[in-house]
Structure formats: C-alpha cells, structure tokens
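Please read it with the sequence and the model in view.

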Amino acid sequence: MKLRALFFPLALLALTSSLFAQRPAGSFGGGPTIKGTIKGEVFDETTGDPVEFATIVLLSAAGDRQINGTITEMDGSFKITDVPSGKYQLKLSFIGYTEKVLEDVETTPQKPDLDLERIMLRADAIALDAVEVTGEASLVENRIDKLVYNADKDATNQGGDASDVLRKVPLLSVDLEGNVSLRGSSNLQILVNGRPSSIFAASVADALKSIPSDQIKSVEVITSPSARYDGEGSGGIINIITKKKEAQGFTGTVNSSIGTRQNSGGLNLNALLGRFGLNGGLNGRWSWPRDSEIKFNRIDLDNGSPIRQLTQDGVNESTYLGVNGNLGAFYDFNAYNSLNLSGRYNSRRRGGEGITNGNINNFGTADPIDFSRFNDGFSSGGGFDATLDYRKTFPNQKDKELIFAFQISGQESNTENLVDQSGDLPIYQRDIINENEGLNLEYTGQVDYVHPFSKKVKMETGIKAVLRRIDSDYFTQVKETDEAPFVEDARLTDLFLYDQDVYAGYLSFNLNLGDNWGLVAGTRYEVTEIGGEFRSENPSFKNNYQNLLPSIILNRKLSQFSSLKASYNERIQRPSLFFINPFTAISDPNTLTIGNPDLQPERVRQYEVAYNTYIKGVVLNGAVYFRQTNDLIEQFLQLSDDGIASTTTYLNIGSSDTYGANVFTSFTVWKKLNLRASFNYGRYNGTGFAGGQQLTRSANVISGNMGGSFKFSDKIRLDLFSFFRNRNQSLQGATASFSIISVGANWTVSERTTLGIRVIEPWNENKDFISELSGPTFSQLSSFSIPFRSFGLNVSHKFGQIDFKAQNRRSRVKNDDQKSGGDGGDF
C-alpha cells in the first residue's frame with residue numbers, strides 16, 4: 001500500500017510536468033492549437049534497405065527539449081501523431097548508423113500534416129556495437145562482440161524447448177542430455193534477457209527444458225566478453241532473449257503444440273498504456289511416457305589384465321513436466337528516467353522407474369553373481385528471479401547513462417531415489433532411500449555508468465556484489481534385508497552450508513581510432529570469499545582469492561561489409577552447485593556420483609582472430625582461436641574399495657590447451673531459398689594427475705549444422721535443419737556423440753493465426769548413445785537407446801492490437817560467473 005500510495009503521486013507529477021514541458025512555445029492562449037502528424041520512411045543509404053526499430057525523437061526548435069518520439073516499423077516507416085503546429089528538430093538514430101538531425105521541421109495550422117518521405121541513414125565508419133553484416137543475414141547476425149541467432153525466424157523451432165534452439169546456433173553444441181558447449185568447452189554462463197538465473201546452477205539441462213522454444217526471440221553468443229561482463233564463463237557467454245512485444249493497448253498470444261513425444265502450450269499477455277507497460281505469460285511443456293533401453297559394461301583390470309566384468313541392462317520409463325512464467329512492468333517517468341521490474345518463475349518435475357538386471361563375472365576366480373534392481377526416482381524443483389532496474393539518461397548527451405540494479409533469485413530442488421534390490425550378495429539385498437533437499441539464494445546489487453567523452457571515446461565503469469547462500473540437506477536410509485527396518489546411514493547424511501560472495505569492479509574504454517579502426521579495452525578486478533561447514537564436522541572451512549582479468553578487442557573495418565577482429569581476454573570459472581554439492585546420488589549403487597566442495601576456479605586465457613564479410617548476397621564468418629585452461633575441472637571415475645562400485649567426482653584435474661577454427665555461411669538462391677551452414681573444429685590436448693595416475697589425452701572436437709528455408713509464398717514456408725556433434729572429450733574418455741534432423745513448415749492462415757508442422761528424425765525411430773571411459777584399472781562402455789522419431793502440430797493465435805513494437809528493456813544484472821552443471825544432475 002505504501003508503494004502504491006507513493007507511486008501514483010509521483011506518476012501524476014511526472015505526467016503533469018511532462019505535459020507542460022512538451023508544449024511548444026506560443027501554444028498557450030491565442031486561440032485553438034491545431035494538431036497534426038509527422039511521418040516518413042528511414043532507409044540505409046548504402047543498401048537501400050529499410051531501417052527497422054530506429055529511434056525517432058521530436059525536439060523543440062532549439063533542440064533542448066524532447067517533445068515526442070517513436071520507433072520505425074519493419075518497413076522503415078514512422079508516424080508521430082498529436083503534433084501541435086510549430087517549429088521543431090527531428091533526430092534519427094540507430095545502433096550502427098551515424099545520428100542524423102533534421103532542422104527547420106515545421107507544421108502550420110494550414111498544413112498540420114508533414115510527410116518527410118525518404119530519409120537516409122549512413123552506416124558508421126566504425127561502430128563497436130554495430131551489426132557488421134546486414135541485408136540477407138536476417139537469421140544470423142555477426143557483431144563485433146557477439147553472434148546473434150534470430151530464433152523467431154526459424155519454423156523448425158516450434159514445439160520444442162531451449163535446448164532445441166541452441167543446437168541451431170552457430171558455434172554451439174548441445175547433446176541429448178542438454179549439455180551445452182561452445183567450441184568444445186562447457187564452461188559457459190547462460191543468461192536470460194541479459195540476466196543470470198539460479199535455475200542453471202543445479203542443472204542446465206532441466207532449466208533449458210523448462211523454456212519453450214516458442215518464447216525465444218534470439219540467442220546471443222559472446223566468445224570474447226569485455227570487462228563489463230563477470231569474470232565467469234571461461235568458454236563464453238550465451239544470452240537467451242525471450243519474446244517481448246508491446247503495443248498501445250492490450251495484446252496477447254496463445255500457442256499450443258501437440259506431438260507424439262512432447263507437447264507444449266502457453267498464453268502471453270501485454271499491455272502498454274502511454275509510458276506504463278505490463279507483460280506476462282505462462283507456458284508449459286510435458287512429455288508422454290517413453291521407455292529407454294540401458295546397457296552398461298565395465299571390465300576391471302589388474303596390470304592391464306581383466307579380473308572382473310560388471311554388466312547391467314534394463315528398461316526405464318520416464319516423464320517430464322515443466323512450467324515457466326514471467327511478469328514484467330516498466331514506467332518511463334520522462335524521456336530520461338525509467339524504472340523496469342521483471343520476474344521469472346519456473347517449476348519442473350521429472351519421474352522415472354524401471355528394472356535393471358546385472359551380472360558380475362569373476363573370470364573363474366569366484367562364482368558369478370546375479371542381481372536385480374527396481375528403481376523409482378523423482379526430482380522436482382522451482383525457482384524465481386526478480387530484478388529492479390533504474391535507468392537515467394542525459395539530455396543532449398548521447399550514450400551517457402547511469403543504471404542502478406538489484407536482483408534476488410532463488411532455486412529449490414528435491415531429489416528422491418528408492419532402490420529395491422535382490423541378488424546373490426548381501427550388498428544386493430539392501431534397499432535404499434536416498435533424498436536431497438537444496439536451496440540456493442542469490443542477492444545481487446550493481447551500479448553501471450557509461451560516459452562518452454567524445455564521439456571517439458566512451459568509458460564504461462561499474463561495481464557489483466553477488467551474495468550466494470546455499471543449503472544442501474541430504475540423507476540416506478538403508479534396509480539390510482526385507483525383514484529389517486530402514487536405518488539412517490550416517491556417512492551419507494548431513495547438512496551442508498555454503499556461502500560465496502563475489503565483489504567486482506571494472507573499467508573499460510571504447511575507442512574509435514580513425515575511420516576504420518575500433519578498440520575495446522578494459523580490466524575487471526574480482527574478490528571472492530568462500531565459507532562452508534557441515535553439520536557433522538568442525539571447524540568450518542574458508543577460501544579467498546582475487547583475480548585481475550584484462551580484455552581487449554581490436555577491430556579493423558576493411559570495407560563497408562567486411563571486417564577483421566582480434567581479441568584477448570582472461571576469464572575464470574567458479575564451480576557451481578552442481579559440482580560442489582557433497583550429496584551422494586544413489587540411483588545405481590554400482591555407479592555413484594558425489595560433488596567436491598574443495599574445487600578451485602578454472603583460470604583461462606583465450607586468443608581469437610575473426611573475419612566476416614558479405615559479398616553479393618553471401619554471408620561468410622570465420623575465426624581461429626587458442627584457449628589455455630589451468631586448474632581444469634573435469635569428472636574423475638575410480639573404483640571403490642569394495643572392488644565393485646565406482647565413484648565419480650569432480651577435480652581440478654590438470655590443464656588443457658585447445659585450438660581450433662569455425663566458419664559460418666549463409667546465402668539466398670532465387671530469392672526464395674535461403675541456405676546456411678556452420679562447422680566447428682577444435683583440438684583438445686589435456687594433461688593431469690589424479691588417483692595416483694598421470695593422465696594425458698588428445699582428441700578432435702567436431703560439430704556443425706546445416707539448414708535452409710524455402711518460401712513457397714508469403715504465407716507458406718518450409719524449413720530444414722540438421723546437426724552433428726562428435727563425442728565430448730575429457731582426460732578419461734568421451735561421452736556420446738549426437739545428431740538430429742528436423743523438418744518444419746509454417747502456414748500463415750491470417751495476420752493473427754499461424755499453423756505449423758514439425759517432424760524430428762523421420763528416418764530413425766530410435767537413436768543409440770554410447771559413452772566410453774578408461775583408466776589403468778578399468779575400461780567402461782555404457783549406452784542407452786530411446787525412441788526419437790516424432791511428429792507435432794503447432795498453432796499460434798494473436799489477439800488484441802497487432803501492430804507490435806519491440807522495446808529494449810534488458811536488465812543490466814548479468815551474473816555470468818559460474819561453471820554450471822549441464823547433464824541433468826540434481827542439486
């Protein structure tokens with residue numbers, strides 16, 4: 001009530017002062033004032049293409065007051081209404097173009113409507129944040145600091161989730177489980193609308209599955225983050241931009257997808273009344289139950305000779321349900337002060353049950369052992385992000401801004417495993433109940449300031465604090481025989497409390513060096529304070545460290561549509577909850593997994609040279625890179641003392657060097673067929689020491705995708721997509737490779753309604769996934785097979801105002817500082 005009581009007087013005061021400030025001189029008294037319109041069209045001076053979403057500002061004749069404003073439509077047109085007769089200036093601007101001011105813009109009572117017709121904007125000689133390739137590059141844009149994939153222009157994205165979308169982004173690879181990698185590195189930070197989210201801390205895979213593909217507008221891939229980004233995300237940063245369309249009045253979209261494997265539905269609403277906007281949505285995704293066939297084979301070795309073989313096989317049925325909601329509001333007090341509030345909620349449930357049969361062959365040294373196991377597993381989680389931003393810009397000082405931001409986010413999770421066993425050994429008579437409840441809270445505050453000293457020099461600086469509070473409460477109960485009661489296992493029962501505080505400051509400069517050179521250079525200083533304790537142990541532990549992280553990007557413009565970029569940056573990768581959680585997950589007592597609270601951050605140096613051009617309708621982008629990682633975090637498997645079970649944990653296992661190259665191209669044939677392809681190659685060279693073993697490994701990391709779209713007419717479009725990634729590499733082996741083919745078609749029934757069809761793997765009913773690990777004492781091969789072919793129908797319908805205008809209201813909070821788990825593991 002206090003906030004509402006304060007808000008409305010402030011809003012009324014701002015509105016009243018704005019109305020008086022915006023009235024042109026001479027409009028008080030002296031008879032009626034005639035209001036009219038000012039319209040026109042904005043085009044690229046070089047290409048002749050319309051410039052959409054350019055900012056149009058109507059100023060007083062002296063240029064010292066903002067009267068009104070708008071943005072251009074997709075065809076470059078704009079219209080400013082309710083313009084009192086008088087003299088004005090008109091300012092036009094857009095990222096990548098030189099600002100243009102039209103003086104002596106005048107309307108009179110006799111001619112209140114003014115048509116400025118075609119207005120041409122000239123591309124900047126060098127623009128550090130500009131789109132370097134324009135025109136036909138509508139699906140993929142290449143910019144100096146990022147690559148942008150416009151997901152909403154691809155029909156094959158309908159009916160899927162965020163992991164399906166990321167597979168189509170050049171440079172990225174996503175396997176079946178949702179593990180995301182960039183140029184072979186999974187040390188990434190994933191943002192949503194420029195903001196961090198604690199939902200990625202426990203499981204990237206589950207978080208991606210909770211975001212419907214229909215809600216994703218674009219994906220940004222940042223390979224060389226500047227100093228303003230957090231030091232985390234050593235492999236790069238992925239920013240998922242969701243759809244946020246706003247128009248005067250009330251609007252909405254309802255969409256649904258029904259398929260043979262998975263289904264989705266959603267409702268999104270928007271309201272924009274003058275300077276106040278409100279938007280929200282609720283979307284869900286669920287799968288039909290499906291069976292997966294699992295096979296496992298491990299051979300134990302003694303001096304290279306087999307001494308034991310463990311085999312397991314079975315069938316597991318799984319289901320999934322995910323819900324994602326968002327709510328946002330903003331208010332522009334005037335042209336220079338705005339408030340933005342946004343929130344996001346997600347919830348997910350995953351269940352599975354099945355029977356596994358196994359055998360231990362001792363190669364004649366002892367009798368063979370048979371066992372059987374029934375698993376009933378369940379995991380659930382929910383989380384939220386709430387962000388408040390205040391943004392202030394300054395009159396007549398382009399690009400100068402001051403932003404205060406605060407965010408609170410939380411994620412809770414629950415994992416339950418019930419194991420019912422029978423077999424020839426006492427350990428296979430045990431029944432097990434294994435549970436983990438987790439809570440992760442993050443509090444973030446930051447201040448960012450941008451100051452342009454001149455048209456050629458711009459400074460960015462800021463400070464930030466992130467406070468993380470993590471609880472992991474876990475217990476295990478064991479029943480030795482069917483007649484015995486369940487008894488708590490003290491070794492696998494505890495409460496783990498973990499605090500991580502990060503304090504940072506950064507300073508960066510954007511420099512235009514002549515007509516063809518651009519430079520972004522800066523540094524970031526971070527202090528990390530870690531503390532933790534177990535309920536069962538004393539004393540507590542602490543760890544503090546500091547990092548100075550420089551970055552530099554040098555860009556050379558070779559021509560209007562060609563540029564060459566070189567960059568260097570240093571990053572760190574703090575382990576997230578997925579890696580540090582000491583909970584021992586027991587769904588299979590023969591293969592255990594446990595986190596490591598003692599992990600140190602990875603430290604990374606990366607060098608990159610990139611070239612992009614646009615020649616006669618062909619977009620071409622290529623890059624070569626070298627990445628050096630110290631204190632490398634990788635999983636490590638070793639046999640337990642009983643000689644049967646294996647335990648996988650995470651270690652700072654050593655170091656790695658990776659070098660490689662990537663290329664992307666896109667072109668249009670016959671004005672109807674657009675083709676694109678991306679290829680990534682990397683060479684992984686790792687060395688390390690763990691478990692008394694010296695580890696070395698070199699391997700190729702290859703991925704790529706191809707796609708295209710064909711427009712039969714303005715209303716019917718066909719899209720085709722294929723993706724391949726060979727096995728992810730580590731010092732102990734490689735995980736399964738992954739490939740997929742999908743076909744989609746869209747039919748625009750009307751301006752409001754769209755129908756679509758989506759087919760995945762039309763020629764393969766099932767897919768097999770094989771992983772291999774090895775060491776001096778073991779050789780392990782595991783595989784699983786799942787039904788994969790699917791068909792789906794999609795429908796989307798808009799209601800309310802159709803004339804949407806995109807608004808750029810992203811938060812400045814970006815907690816891109818943790819190495820996130822990505823294999824569907826639980827917190």
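1. Basis of the note. This is a predicted model, in which local features need pLDDT of at least 70 and side-chain atom pairs count only at pLDDT 80 or more, while totals for chains, interfaces and linings use all residues. Residues are numbered from 1 along each chain as its sequence is written, and side-chain values use heavy atoms, with hydrogens and water left out.

2. The chain as a whole. The protein chain has five helices and 46 strands; helices (H or I, at least four residues) and strands (E, at least two) are DSSP runs, numbered from the N terminus. Of its 827 residues, 52% are buried, where buried means under 20% relative accessible area, exposed over 50%, and partly exposed in between (1.4 Å probe, protein chains only). Among contacts (heavy atoms within 4.5 Å) between residues at least 6 apart in sequence, 67% join residues at least 24 apart.

3. The largest nonpolar core. A nonpolar core is a set of buried Ala, Val, Leu, Ile, Met, Phe, Trp, Tyr and Cys residues joined through side-chain atoms within 4.5 Å. The largest has 28 residues, of which Leu166, Val169, Val180, Ile216 and Ile238 touch the most other members. Elements giving two or more residues to this core include helix H2 (162–166), helix H4 (204–209), strand S13 (216–222) and strand S14 (236–242). Leaving out residues up to four places away in sequence, the neighbours that Ile216 touches include Ala162, Val165, Ile240 and Ile241. Another core, of 18 residues, lies apart from the largest one, and Phe78, Val105, Ile119 and Ala123 are among its members.

4. Salt bridges. The structure holds 19 salt bridges, each defined as a side-chain nitrogen of Lys or Arg within 4 Å of a carboxyl oxygen of Asp or Glu. Glu526 pairs in this way with Arg524, with the closest N and O atoms 2.8 Å apart. Glu526 is buried at 1% relative accessibility, and Arg524 is buried at 2%. Lys767 and Glu761 form another salt bridge, at 3.4 Å between the closest N and O atoms, and both residues are buried. Shared partners join the salt bridges of Arg298, Asp300 and Arg308 into one network.

5. A pair between separate parts. Which residue forms a salt bridge with Glu772? The partner is Arg727, and the closest N and O atoms are 2.7 Å apart. Because Glu772 lies in strand S42 (residues 766–775) and Arg727 in the loop between strand S37 (716–725) and strand S38 (729–730), the pair ties together parts that are 45 residues apart in sequence. Glu772 is partly exposed at 38% relative accessibility, as is Arg727 at 27%.

6. Thr649. This residue is found in strand S34 (residues 646–669) and is buried, with a relative accessible area of 16%. Its side chain reaches the backbone oxygen of Ile594 at 3.0 Å. Beyond its neighbours within four places in sequence, Thr649 is in contact with residues including Gly595, Asn596, Glu634 and Phe636.

7. The surface. The accessible surface of the protein chain (Shrake-Rupley method, 1.4 Å probe) comes to about 35800 Å², and 56% of that belongs to carbon and sulfur atoms. Trp747, in strand S40 (residues 738–748), is partly exposed, with a relative accessible area of 42%.

Methods
Polar contact = N/O pair within 3.5 Å; in protein donor to acceptor, adjacent residues only side chain to side chain.
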